[in-house]
Amino acid sequence: MDLERKHLRLPVESRVFLELEAEASDASQQSSVVVCTTLDVSAQGLRVALEHELEENAYLQIGVDPPHASEAAETFFLIAQVRWCRPGDTPEQPFIAGLALMQAQGSDIDRWIALISNLEG
């Protein structure tokens, strides 16, 4: 997996909001928002710790709080694809997931890439 990596991972902790769609078979349910935390970030992805298992290959709308609020105070609204999800190693991190950030019209991906580039130095 690391051999495929094109971007530097930064050990940055940020709060992330994941919008989970209700199952198609249950039209009465609404989507829900799950809060999780990044373990590391890159220009094109996030590794997050969360309490719920995510479905691989699912596309999610996410909101990422800026890692350094003084630099960029607005939440980044992004589209992510769940690349993998597996059990975590501790009770505080029941699941760990890898999210690939997607180019999408109306998202903040360009602003996110610029922020990460600045953090890389």
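Predicted model: local features only at pLDDT ≥ 70, side-chain atom pairs only at ≥ 80, totals over all residues.

Reader: Which residues of α1 are buried?
Author: In helix α1, Ile-109, Trp-112, Leu-115 and Ile-116 are buried. Buried means under 20% relative accessible area, exposed means over 50%, and partly exposed lies in between (1.4 Å probe, protein chains only). The four cover an arc of only 120 degrees around the axis, so they sit on the same side of α1. That arc is taken from the directions from the helix axis to the C-beta atoms.

Reader: What covers the buried residues of α1?
Author: The cover includes β2, β3 (45-50), β4, β5 (76-90) and β6 (93-102). Helices (H or I, at least four residues) and strands (E, at least two) are DSSP runs, numbered from the N terminus.

Reader: What span should α1 have?
Author: It has twelve residues, 109-120, so at 1.5 Å a residue it should span 16 Å. The expected span is 1.5 Å times one less than the number of residues. The end C-alpha atoms of α1 are 16 Å apart, which agrees.

Reader: And what comes just after α1?
Author: Gly-121, with a positive phi of about 90 degrees.

Reader: New topic. In what order do the strands close into a barrel?
Author: Six strands close in the order β1-β2-β3-β6-β5-β4, with antiparallel pairing. From one strand to the next, the twist averages 45 degrees. α1 packs on the sheet, touching β2, β3, β4, β5 and β6, and its direction makes about 60 degrees with that of β5. Contact means heavy atoms within 4.5 Å. Axes are lines fitted to C-alpha atoms, for helices over the stretch in contact, and angles run from 0 to 180 degrees between N-to-C directions.

Reader: How many bridges join β1 and β2?
Author: Six, in the antiparallel sense. Two strands pair if DSSP finds at least two bridges between them. Leu-18 has Val-34 in β2 as its bridge partner. β1 also pairs with β4 (residues 59-64), antiparallel, over four bridges. There, Val-16 stands opposite Val-64.

Reader: Which residues make up the covered face of β1?
Author: Val-16, Leu-18 and Leu-20. Arg-15, Phe-17 and Glu-19 make up the uncovered face. In a regular strand the side chains alternate between the two faces of the sheet.

Reader: What about β5 and β6? How many bridges there?
Author: Nine, again in the antiparallel sense. The two strands form a hairpin with two residues between them. Arg-86 has Ile-96 in β6 as its bridge partner.

Reader: Last one. Asp-40: buried or exposed?
Author: Asp-40 is found in strand β2. At 9% relative accessibility, it counts as buried. A polar contact of 2.9 Å joins its side chain to that of Arg-47. A polar contact is a pair of N or O atoms within 3.5 Å; within protein, one must be able to donate a hydrogen and the other to accept it, and residues adjacent in sequence count only if both atoms are side-chain atoms.

Definitions and conventions:
Residues numbered from 1 in each chain as written. Heavy atoms only, no water.
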